[in-house]
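Work through the exercises below with the sequence and coordinates open. Each task is followed by a stepwise solution.

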Amino acid sequence: MVGVLLQEPAGVIGFRTDRDGLAFEELCDEIEHADILADKASKQDAIKQDYAASKFDAEKDKTQFRQYETASDRVKTFYLEQHTKQTVSYNLKARNDFHSKTRAEMSIWEAMERLNTLIDESDPDTDLSQIEHLLQSAEAMRRDGCPRWMQLTGLIHDLGKLLFFFDAQGQWDVVGDTFAVGCAFDDKIIYGKKSFSGNPDINDPIYSTDNGIYTPGCGLEKIMISWGHDEYLYHVVKDQSTLPDEALAMIRYHSFYPWHQQGAYRQFMTTHDEKMLKAVKWFNPYDLYSKSDEKPCVEKLKPYYMDLINEFFPQRVIKW
Ligand SMILES: [Fe+2]
Ligand SMILES: [Fe+2]
C-alpha cells in the first residue's frame, strides 16, 4: 500500500489522501459524455414493452453513431490503459483483496458525504457534485413513481467510486464501461477489440476463445466483469442490504454497456438475466439523463432518504 492514510481503527485501511479528485471527476464527466453519445445512437426501446417509459427516454438522436472518435484524448488514453490492465489475474487478485480487508466502516449517508468531500472539494467549479448526482437520480425515480428500493439504488449506485480513495491501482480499475474478462474481448466494447492489443489475455489459449472459461447459459452471476466501482459496490451491498435482485443488477451492471446497450454476452444469459437486463435498462436513463434537472437541496431531502437507507440497510454501519 502506498500513499498517506487517514487515521482509522485497527484493521481498517482507510482513505488515501494523495489521490487527485479533480482529475478523477473530470475523467468521470468525459466518460459519461461518451456513454451519452453511444446511448443516443443506440436503439434501446425494449424497456418500454415491460416497464412504464420514463420521461428521460423520450427521443433518441439516431444520427449520432458511436462517436467515440470525438471523445477526449484523456478518455482514449484511459481506456487503452484499462483494456491493457484488466486481465483475469488482476481480477482474481482484486476480488481476493476485496474479501481480505475492510477499507472503512461507515453508514451509507457518511459514504455519500465522504465521496462528495474527496472528489468535489478539489473541484470548486464542478457543475454538479457527486451527492447531487446521486440525489438527482433518486429524485427523478421518485417523481416517476419508481419503487422505494429503486430510489435507494439511484441514491447509492456510484458510491463504489470511493474505491479510488481506498486501494484502487488507478482510475482504470474504478470507472469506465465494464466488460467480461476470461473470454474473448467483444468488439462491442468501447473502442473494440483492437484496444486490447496490449492485454496478455488475448494470447491465452482459453481466455481468447468466445466462451473462454465459461459455458453458454451459465448465467452472468458466474461471469467475471472487469473490476471497478460497479462490481465493488455490488459486493459491498449484496450481503449487507435487503435490496432485491433487480437493485443488485442495477448496481453491478450499470456500466456494463457492451451488455445492456450493445447486446454482447447474450450466450451466457439465463431467463433470470433477461429480467435483470430489463431492470438495468430501466435504470440507465436516470443515471445518464437526470443531471439536467434542477439542483436538489441536500439537507431538505436527507430525512426522506435516511428513512429509505434504514429500511434496506438494517445494520446501519456498513463494512466497505
Ligand atoms: Fe457509475
Ligand atoms: Fe452515476
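**Exercise 1. What percentage of the residues in the protein is buried, and how many helices and strands are there?**

Solution. 
- The model is predicted.
- Take burial as under 20% relative accessible area.
- The protein has 320 residues, and 58% of them are buried.
- Its secondary structure consists of 12 helices and four strands.
- Now turn to contacts with a separation of 6 or more: 79% of them join residues 24 or more positions apart.

**Exercise 2. Decide whether helix α7 is enclosed or open, and list the residues that settle it.**

Solution. 
- Helix α7 covers residues 148–156.
- Check each residue for burial: Trp149, Met150, Gln151, Leu152, Thr153, Gly154, Leu155 and Ile156 pass.
- That is eight of the nine residues, so α7 is largely enclosed by the rest of the structure.

**Exercise 3. Find the residues that touch the most other members of the largest nonpolar core, then trace the contacts of isoleucine 156.**

Solution. 
- The largest nonpolar core holds 93 residues.
- Ile156, Leu159, Tyr265, Phe313 and Trp320 touch the most other members.
- For Ile156, set aside neighbours within four places in sequence.
- What remains is Ile108, Leu134, Leu233, Val237, Leu243, Ile251 and Phe313.

**Exercise 4. Classify the packing of α1 against α3: which angle class applies, and which residues make the contact?**

Solution. 
- Helix α1 spans residues 21–41 and helix α3 spans residues 73–85.
- Their axes lie 9 Å apart, at an angle of about 95°.
- The class for 65 to 115 degrees is roughly perpendicular, and α1 and α3 are therefore roughly perpendicular to each other.
- From α1, the contact uses Ala23, Glu26, Leu27, Glu30 and Ile31; from α3, it uses Arg74, Val75, Phe78 and Tyr79.
- Sorted by class, this contact has six nonpolar, no polar and three charged residues.

Terms used
Residues numbered from 1 in each chain as written. Chains lettered and ligands numbered in written order. Predicted model: local features only at pLDDT ≥ 70, side-chain atom pairs only at ≥ 80, totals over all residues. Heavy atoms only, no water. Core = buried A, V, L, I, M, F, W, Y, C linked by side-chain atoms within 4.5 Å. Buried < 20%, exposed > 50% of the residue type's maximum accessible area, 1.4 Å probe, protein only. Contact = heavy atoms within 4.5 Å. Helix = DSSP H or I, 4+ residues; strand = E, 2+ residues; numbered from the N terminus. Axes fitted to C-alpha atoms, helices over the stretch in contact; angles between N-to-C directions. Parallel < 35°, antiparallel > 145°, perpendicular 65-115°, else oblique. Nonpolar A, V, L, I, M, F, W, Y, C, P; charged D, E, K, R; others polar.
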